[in-house]
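Subject: Structure handover

Hi,

Please load it first, then read my notes on the pockets below.

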Amino acid sequence: MSAPTPTFPMHVSVDEARAMLTALLPPLDTEWVALAGAWGRTLAADLSATVSHPSATESALDGIAARASDTLGARAEAPARLRVIGESRAGVPFGGVVGAGECVRIYTGAPLPPGADAICPVELLRDDGPDHVWLARPASPGDVRHEGGDFRAGDVVMRAGLLLTATRVALAAALGHAEVPVRRRLRVALLSTGDEVIMPGQPLQPGQVYDSNRVGLGAMLVECGCEVVSLGHAPDSPQALQAAILGAGGADVLLTSGGVSMGKYDFMRDLLIEHGRVTFWKVRMRPGGPAILGGWNGLPVFGLPGNPVSSLVVFHVIVRPALTGQPVQSVKLRAATPFRGLSDKTAFWRGVIRDGEVHDYGQQGSGILRSLSDANALIIVPEGLGVQAGDPVDVVLL
């Protein structure tokens, strides 16, 4: 194919690519799901607390509950002596009032009885028969968890747009919600391409490669809370690609890998340019520059490069944020080694974080898939800049 005269943007920035993909995704309706099915979903509305947490002022440890004023000056050589009048445990609070010179045995999470305002841990107590204890130090008000110290009934605790991780699902339960409003799952059709690509487990012939992209991208889509429609694999043929895309009916977006660069057999690129719609082609980033965004019969299509590292890095920094509505999560660390800059591209080099610093992984080729398994960070080097050892650098955690 001769180089076309582009009628669409080329060499867009990473931020532009992300914004363009986001703009093509459909608005998602709200549905209610039980907490057991909420992991990985995106919260569609704010969640308020139906109760306070803790629901009562309670003990942070095992010991006795007493009046702090009764234990002032207590120490190992001159302990304070209190009378035990009962106990308070989680779910079964003490029913009386703690008076002068009295205490109640208490356990972690148990309500603090009326009259008491401090705790002495069990490790500093010595029994004096069944009804008295000696305290080797003053009881501490700091070992009390106050009612509503975490949140109070009516507080807006979780905001719409949050991706519901396991800890956030647990928080929703603590707020008192058995069901939560979430956005409908995006239905993402996934297609890998290439004559050289075969399924793992088959004998590998010279020049062939196992289909790691489809497996890795499918797992990442599940992590994003998407419903994956697997279209399998298509060889390098315009007819085969069109036939495979027919299986994407009902999907919100089609994600492909391979066939989008400058080669003679990059038919996914040709298909979108000649018979579909192109929103942009190529991103000013490395790895992952040949990515293409467009549409086919009204279906948004994002074409990822075929090289596995390129494909997965583009997913991390462009596709995932667009699908989830969550920005790329980065932290600033000190560079322990230099990182090369590129004059016309943002570089995302693989690195390893050790002792609060980030080190160059070493091999940075787009076919070195092992690097994304061994590395735990992508170091962002803005175009036209470089990073020297000792410089602060933005890092995407993997």
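The second largest pocket holds about 400 Å³ of space. Keep in mind that this is a predicted model. Strand 14 (187–193), strand 16 (209–210), helix 3 (212–223) and helix 6 each give two or more residues to the lining of the second largest pocket. That lining has 24 residues. Nearest the centre lie Glu196, Gly258, Pro305, Gly306 and Asn307. By class, the lining of this second pocket splits into twelve polar, eight nonpolar and four charged residues.

Now the largest pocket. Its space comes to about 480 Å³. It is lined by 17 residues, and the closest to its centre are Leu163, Glu223, Arg320, Gln326 and Gln329. Which element gives the most to this lining? Helix 6 does, with four residues. Helix 6 spans 308–324, and strand 27 (392–397) also supplies at least two residues of the lining. The classes here are eight nonpolar, six polar and three charged.

Is glutamate 58 buried or exposed? Its relative accessible area is 14%, so it counts as buried, the cut-off being under 20%. What does glutamate 58 touch, leaving aside its neighbours within four places in sequence? Its contacts are Gly109, Ala110, Pro111 and Leu112, along with Asp143, Val144 and Arg145.

Best wishes

Notes:
Residues numbered from 1 in each chain as written. Predicted model: local features only at pLDDT ≥ 70, side-chain atom pairs only at ≥ 80, totals over all residues. Heavy atoms only, no water. Buried < 20%, exposed > 50% of the residue type's maximum accessible area, 1.4 Å probe, protein only. Contact = heavy atoms within 4.5 Å. 1 Å grid on protein atoms, 1.4 Å probe; cavity = no way out; pocket = protein on both sides within 12 Å on 5 of 7 lines; lining within 4 Å. Points joined across faces, edges and corners; volume = space filled by probe spheres on them. Nonpolar A, V, L, I, M, F, W, Y, C, P; charged D, E, K, R; others polar.
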